[in-house]
Every structure is written in C-alpha cells, then in structure tokens.
Amino acid sequence: MSIHAVLGGTGGTGSAVLRCLLSSQIPDLTINVLVRTKSKLLQAIPKLESTSSAIVNIFEAPITDEDALQACISGASTIYLCIGTNNATRNNDIAVTTATRLLAALEYSRKLQGPEYKAPVILFNRSMGLNSDIKFLPADFVKRFTQWAMWCLFEDLLKAAELYAKAEGHGLLTFITADPPAMMAANGTKVTGYKLIQRGKAAPTLNYADFGRAMVELGQRREEFGGKIVGVSATGAVRMEVFVNLQRLLLGLKTRLMPF
C-alpha cells in the first residue's frame, strides 16, 4: 500500500495534486486529505469519495488538530504541503505553524514506531521568487520586485524551510522544495506542459494543474531530488490572470509601505 497525504486540498495546489494522484498509475494508492471544510473539497472534486482509482480518506479539521493530523499522515510515504496563502500580510505564519505541527506529529510517529519508522518525503510549495539560481523571463526585475513586495509571505516560507531542513538533518524526513513562478488558473484542470529545472531561465507563470503534476512527479523521484530545491517552469500555454495577481502584489506593496 502506498499512502499519500495531502495537507490542504481545497486550494489551487491541493486540488491539482489530488486530481493528479487520482489519475496516476500508483499501485494500491491510498490518499489521505486534511481540509478545514469537507463540503468545499467535494464541491471542487465531486467524485472524490466515489473514485475507484484509490482509497480516499478525508479528515475535516484545521492543521492545529493533533489527532486529525496524526491520523492523516499515519503511514504516509509522501506528504504534500498545500496549506498556504497568496496574500502577503503582516504576522503571516501559516507555513511556520504547519511546519511546527507536522514536525511534532512526525516526531511522535517516530517515537511510537522506533526502528520501524520510515521517513516520508515532504513536498514543500515555496516560490521561484526565492530561488537565486533561476531567472524569470522576460525580465528578472519582476522577480526582484516580487521579492520586495511579497516579503511578509516569503519570510514565513523561509522560516518554515529552515525547520524542515533541520528535521531532514535529523533523519525525520526527506525534504524537497518545489518553486513555482506566479500561479494561474486555480480552478483549471487542463495540463499544458512543464519542466523541472534547478538553474537557468524559467517562464514567469505556470498553471496550477501543471504544478500539481510536478509535485507528484517530484515525490515519485525522491531518490533523485531529495534534499534539493527544484523550479517548475511552464512549457505550454498558461491562462493569464493579470488582475488577480496584480491584486496580490498591491496587497503586498501596501503591507510593506504601511507603518507598523
């Protein structure tokens, strides 16, 4: 049995990961999903519970619910971190809170299982805006501006990444960071193409559907990408949502300029 846990299944990344898993050829697949609102998840993926391609268990609870989180990740070989926000607001600590809760749950599992404990691979959704080895096309100044405007959000991601990296050093998990550019079409299901890169140039936008597939691929290639930071670049058409992303940048800009 192969157990994959998805933490946060109602957003663009989580739902894309779920759709990819449901269409995958992973044998004897069990999918555990932790969401705050089950009805919202089933509205996004109506046939999730009735699918015959995998056993699906839905845990309706916040990340702070220790029992639900423990049950969701129990026996999981792969854990997708899809709890997050695109809004750069002050005191944002979603990534750090998720990391703290998840690491505590994994430590508890290791204590219970002892030498039988098997470290899962953790897929961490970060941002290409934090990747110094990859440049945006057509102009890298867009990346630099994004770093500045979205710093409240990025700082939380960096702190969480430090926690996971430290835990990896202690043998608790295998950590893979997935860096997407600006994400588009949160409700889209059409995959148009992507590539995994660790340095060089990347397209400035990517469909959520493609990123979901990239996350699953990275999990399947854990021996190759364990402990690494990997960018995901579009190779096909991307449905642009300029207004939505402009709103996010303006909110980040307002937060940076607003006095404490």
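Let's start with helix H6, which lies across strands S4, S5 and S7 and runs at about 165 degrees to S5. Keep in mind as you look around that this is a predicted model. Another helix, H3 (residues 66-73), lies across S1, S2, S3 and S4, and runs at about 160 degrees to S2.

What are these helices lying across? The strands belong to an open sheet of eight, in the order S3-S2-S1-S4-S5-S7-S12-S9, with mixed pairing. S3 and S9 are the edge strands, each pairing on one side only. On average, neighbouring strands here are turned by 20 degrees against each other, ignoring direction.

Now walk along part of that order. S5 and S7 pair in the parallel sense over five bridges, and Asn125 stands opposite Ala178 in S7. Is S12 mostly covered or mostly open? This strand, residues 229-234, is mostly covered, with five of its six residues buried.

Back to H6 (residues 151-169), because it has a helix partner worth a look: the axes of H4 (residues 94-113) and H6 come within 7 Å and cross at roughly 20 degrees. An angle under 35 degrees counts as roughly parallel, so that is how H4 and H6 run relative to each other. The crossing of H4 past H6 is left-handed. Where they meet, H4 brings residues including Ile94, Ala95, Thr98 and Leu102, while H6 brings, among them, Leu157, Ala160, Leu163 and Tyr164.

In soluble globular proteins, nonpolar side chains tend to be buried together. The largest nonpolar core here has 38 residues, of which Val6, Val17, Leu21, Ile31 and Tyr80 touch the most other members. Elements giving two or more residues to this core include helix H1 (12-22), S2 (29-35), S5 (121-125), S7 and S12. Which element gives the most? That's H7, with six residues. For a closer look at one member, take Ile31: leaving aside residues up to four places away in sequence, Ile31 touches His4, Val6, Leu18, Leu21, Leu22, Ala54, Ile55, Val56 and Asn57. Apart from this core lies another, of 34 residues, and Cys72, Ala95, Leu106 and Leu130 are among them.

Terms used:
Residues numbered from 1 in each chain as written. Predicted model: local features only at pLDDT ≥ 70, side-chain atom pairs only at ≥ 80, totals over all residues. Heavy atoms only, no water. Buried < 20%, exposed > 50% of the residue type's maximum accessible area, 1.4 Å probe, protein only. Helix = DSSP H or I, 4+ residues; strand = E, 2+ residues; numbered from the N terminus. Core = buried A, V, L, I, M, F, W, Y, C linked by side-chain atoms within 4.5 Å. Contact = heavy atoms within 4.5 Å. Axes fitted to C-alpha atoms, helices over the stretch in contact; angles between N-to-C directions. Parallel < 35°, antiparallel > 145°, perpendicular 65-115°, else oblique. Left-handed = near helix turned anticlockwise from the far one by under 90°. Pairing = 2+ DSSP bridges.
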